[in-house]
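Please open the structure in a viewer and keep the selection tool at hand.

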There are 2 protein chains.
Amino acid sequence: MQQSTNHRRSNRRRLAAVTGSILAAALSLPGGAAAASPDSAPVTAASLGLMQGFPPPADKRVTRDNFMEYPYSRWAFQHIRELQPTRDIFRGEGSVAPLAPRPVDLDTLKFDVPGDRQLDLKTWLAESVTDAFLVLHRGELVYERYFNGMARTSQHQMFSATKSFVGMLVLCLIEEGAIDPGKTLQDYIPELKGSGFGDATVQQVLNMTTSLAFNEDYTDPEADVWKYGYVFGIATPPAGYTGASSIYEFLPALGPAERAHGEAFLYATPNTDVLGWLSSRVTGKSVSRQLQERVWQQLGVERDGYMWLNELGEEMAGGGLNITAADAARFGQMILHKGQYNGRQILPEAVARRILQAGNPEPFNRYYNDIWYEQIGYAYHDQWWTFNNPHKAVSAIGVHGQFIYIDPVAEMVIVKQSSHPEAESMANEVDGPLIWQAIAEHLMGQP
Amino acid sequence: MQQSTNHRRSNRRRLAAVTGSILAAALSLPGGAAAASPDSAPVTAASLGLMQGFPPPADKRVTRDNFMEYPYSRWAFQHIRELQPTRDIFRGEGSVAPLAPRPVDLDTLKFDVPGDRQLDLKTWLAESVTDAFLVLHRGELVYERYFNGMARTSQHQMFSATKSFVGMLVLCLIEEGAIDPGKTLQDYIPELKGSGFGDATVQQVLNMTTSLAFNEDYTDPEADVWKYGYVFGIATPPAGYTGASSIYEFLPALGPAERAHGEAFLYATPNTDVLGWLSSRVTGKSVSRQLQERVWQQLGVERDGYMWLNELGEEMAGGGLNITAADAARFGQMILHKGQYNGRQILPEAVARRILQAGNPEPFNRYYNDIWYEQIGYAYHDQWWTFNNPHKAVSAIGVHGQFIYIDPVAEMVIVKQSSHPEAESMANEVDGPLIWQAIAEHLMGQP
């Protein structure tokens, strides 16, 4: 009873959970709505004069105190390394795998979206506060747009889209026999014994069906959600705060909830931090290093990626990846092509197939029964979102409008990087997947 | 009278000044001496287990509190971006300018060094706690060694060798007519009016002959030298500290000293921060962006570089550059070749010629009359060190053993990156230049 009260939160909260914001309420400012109005192009970092001049005017500085707030986020999400410690994901010295261009004019393509509205793509990209938007069709680059000072070489914060990369690493370790998905977390990380993670299986953590006492009440200054933010410099702790500064202290301190593991999907970012820890404990390598060796040095990417660290050098596996849109598109294309890209088999085919499979909506719908979920058909498995839409697409998703959307029927990959004022928005999480299905259908009708 | 008392410091202090440490005394730990003993190879980050494991043991963590201290520095100087905010210096997408190998066995080459000792190169590299050591002769790579986990692609903190890059940028702007070296700083930066920099000329700042009230007394917790450290996270301010957190507040607050500008050389890092500010005020671009556009995207470097930032996104122009040894060697070779490299004229020839000219030792020796200076013949101009040695070499120099040494007679460039426990050491600042002169003579005798 208490559980359902707890978890039958407002649409907003549930959308927040879908898109992975653990600080969603805190990060959504009323001022943002106007900027995202369909009638006007959103403000940009340059139009606002953010971080311009030596020094910038006091009210134009992006700092650790305001960087998660719109409009400061318009600058910050392209410059996380200038605000936080970061770890390199080096591309190596191999040549770049070119993205062959085959431009298709999608600017004026029109879509019906909820609320009896019709939008064209160009308008929707502005309305959803886009920084970068790329469409690959059959491996060719049919549409590529940058806004707000972005260029093809700009690295952008991916937030919870990071989780899908971490899930992929764990799936590789399972495929290689280094991790047994049926074993419990405490089998690999004894420090987790007694915590909410201890007796959860690896598969339950991958699917976020663990039973965790993770308090997401933003009105409670003692809530776990704030403490997670303090660990990674997302939010500044109050003076005299004595809670965990290390993710390795924070995670074992999260207790179990009353329900059973496996009973229901409940989105909680620390699940992914535990997966990052698991992969590092098993391999002896950081998540960055694993991504570098398995993917970044194989994929023919254009640029290094990087991971957001806290001041102890610990990676924010739950949401700290920064990469270019074009490199995210290469990654999506590699998944679509069953792990093949750049002339080589980068991931085991079985891992790519696993990622591309539809999720089971049953545990998902136990707590998340919003009408929009029904319409879009969101479900979750192995740290990837799936959609119960005609093409059974899958996606990595991060707050404020980050997506790597893979449509296996249309052979289409869409990457969107954004700095929407709201962590989760109708424009991104609801209109977005409907528009991408329509783009897919349009491209399939193309010669 | 007071001046000469102030400035006739111990050899240690003067060497500290030469090598650019503004926190030299604070950063040199007694424990380091043993590690640098000639009888044993120095400890490495790996042999100490620093930052290994998830999490690393508490006593093996490198943090903002210990990263400047040996042996933590052995890990930290290759991982500044994992500890501090940083700004990218993007290499662009051009191809790499290869360093043609022509190996010469220098390992067992023997040198006489002060103290009636004879060393071979291999022993000296260990004794001086080297991370990377490269020798180019006539543009070919004759010797290349990495230690302590370094690889050719590892970026290393350059400390005050950064100053020579900033000096080069200002010389370019002078050559292009954007800056008049005879004008005063307040002509370009009105905020500096009334400060110790205000009525100094650009050339005096370049040559560090300004008269600044810059207190380097490490025993005084109120000393300016500490306050500079607090601005950039080199040291942690005491609780309740209310001093400048921005370099743009710190610099205008430095007052004038009693002597006249131009009277004498006195090494003070903030001179370079003012030059960085000047170049940014004139161009509208950060130092990183200027280096990226003028050099990094032209030189055929292998890797991006980066600059250490404070939490306000301000660059440590006085000492925050991180680059690979091989890319530092390309830069040195470009200066040696009168600004040409990678098939193009990268800098105006006049700028390279200016850098390669000998400094005037007269203002230098006004306060720095140490016997070692006489022996090595150190002088300074335009943010570059010069040596009154037979080949009239010039060098970028940073604390703890960073050098880009350019010998125009032998057509030789030497790059050394180190994590010596002492900010300034006999092994690096005294033995080093003597050994490099001997290497030059050896290479000139080669076929």
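Two residues are in contact if their C-beta atoms, placed from the backbone, lie within 7 Å. This is a predicted model, in which local features need pLDDT of at least 70 and side-chain atom pairs count only at pLDDT 80 or more, while totals for chains, interfaces and linings use all residues. Residues are numbered from 1 along each chain as its sequence is written, and chains are lettered from A and ligands numbered from 1 in the order in which they are written.

**The interface**

Select both chains first. Of the interface residues of chain B, 100% are also interface residues in chain A, so the copies meet through the same surface. The contact involves 28 residues from chain B and 28 residues from chain A. On chain B, strand S1 (86–89) and helix H13 (270–283) each supply at least two residues of the side that touches chain A; helices (H or I, at least four residues) and strands (E, at least two) are DSSP runs, numbered from the N terminus.

**The axis**

Next, superpose the chains by least squares on the C-alpha atoms of residues with pLDDT of at least 70 in both. A rotation of 180 degrees, with 0.0 Å of shift along its axis, places chain B on chain A (RMSD 0.0 Å). The two copies are thus related as by a two-fold rotation axis. Select Pro85(B): of the residues of chain B, its C-alpha comes closest to the rotation axis, at 2.5 Å.

**The sheet of chain B**

Which order do the four strands of the open sheet in chain B follow? The order is S1-S7-S8-S6, with antiparallel pairing; two strands pair if DSSP finds at least two bridges between them. S1 and strand S6 (156–157) of chain B stand at the edges, each with a single partner strand, so one side of each is left without a neighbour in the sheet. Four bridges join S1(B) to the antiparallel strand S7 (residues 305–308) of chain B. Select Arg87(B) to find Met307(B) of S7(B) opposite.

**A hairpin in chain A**

Move to strand S2 (residues 110–113) and strand S3 (residues 117–120) of chain A, which pair in the antiparallel sense over four bridges. Asp112(A) has Gln118(A) in S3(A) as its bridge partner. Three residues separate S2(A) and S3(A) in this hairpin, and Gly115(A) in the turn has a positive phi of about 95 degrees.

**Cis peptide bonds**

Finally, select Tyr70(A) and Pro71(A), joined by a cis peptide bond with omega of about 5 degrees. In chain B, the peptide bond from Phe54(B) to Pro55(B) is cis, with omega near 0 degrees.
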